Structure formats: C-alpha cells, structure tokens
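Dear colleague,

Please find below the structure that I am handing over to you.

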Amino acid sequence: NNYKAVVSTQSTGMYRVRRNCPNRCNTCHLVDPSKFHTAVNWMPKEPQGYCNIPDIPNGRVVPADNKPYLDPQEKLVVECDPGYTLTGGEVSCVIQDVFSPDSRILPECTKVGTPVLEGNGAHYTGPRNISTTGRPCVSWSRQLYSGAAFVRRVNLPAISNGNHRFCRNTGGSKAVPYCIVNVNTDNHVTESRDGDDTHVTTKVEFCFSHPGCDMCKPDSQDVYEAEYCSEAVRQGKCEYNDSEKEQLTSFAWENCRRSCCEASDCN
C-alpha cells in the first residue's frame, strides 16, 4: 500500500499520522515516530515553524519586534485590558496554530471582581483561589480538557469557567463557590502547577465555609429546637468544609439559620 502521512504535533511528543489507503481511508492513529523511521523516514521529529497570532478576548498578544507572526519557540506575551487579569501558564509557539504544551489552553484575560460573597455565590467573580482545606485551586480548563471532569461526572457547564484558578459557582449549582484541587492519596497538599497531572488525584472542595452574610437577616430564626441547633454548631455542621456533606450542611443552614449565622460571625 502507498501511505500518505500528514503530521501534526501533539503535546505528548507523539504524532498523528493519517494513513490514506483503500482499507483505512481517513483513519488517524497516534504513533511513536521512533517506530516509523523506515515507513515515514521524512517525518520531522520536532516540527516547528512560524505561528499565527491567536486572538485573546479582552487583551492582545504582543510579539517580539511587533511582528505579524510568532517565531518558533517564541513565548506568548499577552497584555490584558484594564480591569482584567492575565491567567494561565506559559505557552510557546510550535507551528501555525499549534502551541506548547496544549493549544487548547492558552492564557486568558479574566475579569476579577469584588471579594465579597453574596448568597451562594452564583455571580461571584472574586479573586479567591484556595479551598477551605488550604489546598490551592487548579485551572478549570486543564481539568476539563484532561478528561477529569468526565470521569467524575461533574456538571460540565458549571466548570467551563476558563483557564484560571479562581473559585466559582457558575449557575449556583452548589451552596457556595468551589474549585478543583490536586490531592495525593494520603490527602497531603500537592503543588498547584501547569505540568503533568497524570498521576495526581483531583477533587472538588469548597472555598467558603458559609454563604454570604446577606443570608443572615436580623429576624433569622431557628426552625429546630435550640438544643439541636447548638449541637449542630458544635459538630461543625454549619461549615461547608466537606463537599460530600453538602446536603447535611445545607440542612443545618435551613433549619438552624440563626445559630449558623451566629457561628459564622455574620451577626
């Protein structure tokens, strides 16, 4: 058979080869270039070339010497508009519209608002980027494109927040803003980074131990008896510290609102 190979770079160092033949038309395979020196001996091991300048909403790319293109291996330098913060890891040009380490996860200019939490934080755009356990948040986009979101059946629209690490509660699906963190099996904190997270376990953790203080009104009352609510406070049931116990904490806030408000220093 006559093979015609079309090569495009991959962040893993592998290459995608389309082998056009009668039996396998338009089929793509990820292959190791070292195994194809004979069949595809012209294949470049490290393809590189000039890159197109990508569009960065609410900002712009500043190439060296103000060129209309990026040189091979040139780092992406982004300037954000006033009121926006540059987020995301370091990215460099490979060729055309391909960037390393991942063309899908480019730097972004993110709007960062007030740190004040209101209600359940459905519209929270503040700068908090650490969970209540002290673990640093990781990039939403990195988790989305790595497939971790699919494995954990997380609400995909809710975590499509962009390439940043800020706590969010898009759509108000949870009681308070949250984020995704890296944890080892021994639950020790791991470094938050933009590198290979293949062997790191991720989980959802809350960023606030209680909802916004606007939920606590002067006339807030406990539905349940004082003894029950006092015990709930003592056991920490008013604090959103464990995402797996969210319903129990929400139940405490619903039925022991006054006691939970007092415990959270909102009154």
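C216 is buried, with a relative accessible area of 9% (buried means under 20% relative accessible area, exposed over 50%, partly exposed in between, with a 1.4 Å probe and protein chains only). This is a predicted model, in which local features need pLDDT of at least 70, side-chain atom pairs count only at pLDDT 80 or more, and totals for chains, interfaces and linings use all residues. Residues are numbered from 1 along each chain as its sequence is written, and side-chain values use heavy atoms, with hydrogens and water left out.

The whole structure holds 8 disulfides, a disulfide being a pair of cysteine sulfur atoms within 2.5 Å. One of them joins C216 to C261, with the sulfur atoms 2.0 Å apart. Its S-S torsion is about -90°, so this disulfide is left-handed. C261 is also buried, at 0% relative accessibility.

A further disulfide links C238 and C260, again with an S to S distance of 2.0 Å. The torsion here is about -65°, so the link is left-handed. C238 counts as buried at 5% relative accessibility, and C260 does at 1%.

C137 and C179 also form a disulfide, with sulfur atoms 2.1 Å apart, and both residues are buried.

S100, by contrast, is partly exposed at 32% relative accessibility. Beyond its neighbours within four places in sequence, S100 is in contact with E90, V91, S92 and V94, where contact means heavy atoms within 4.5 Å.

Yours sincerely
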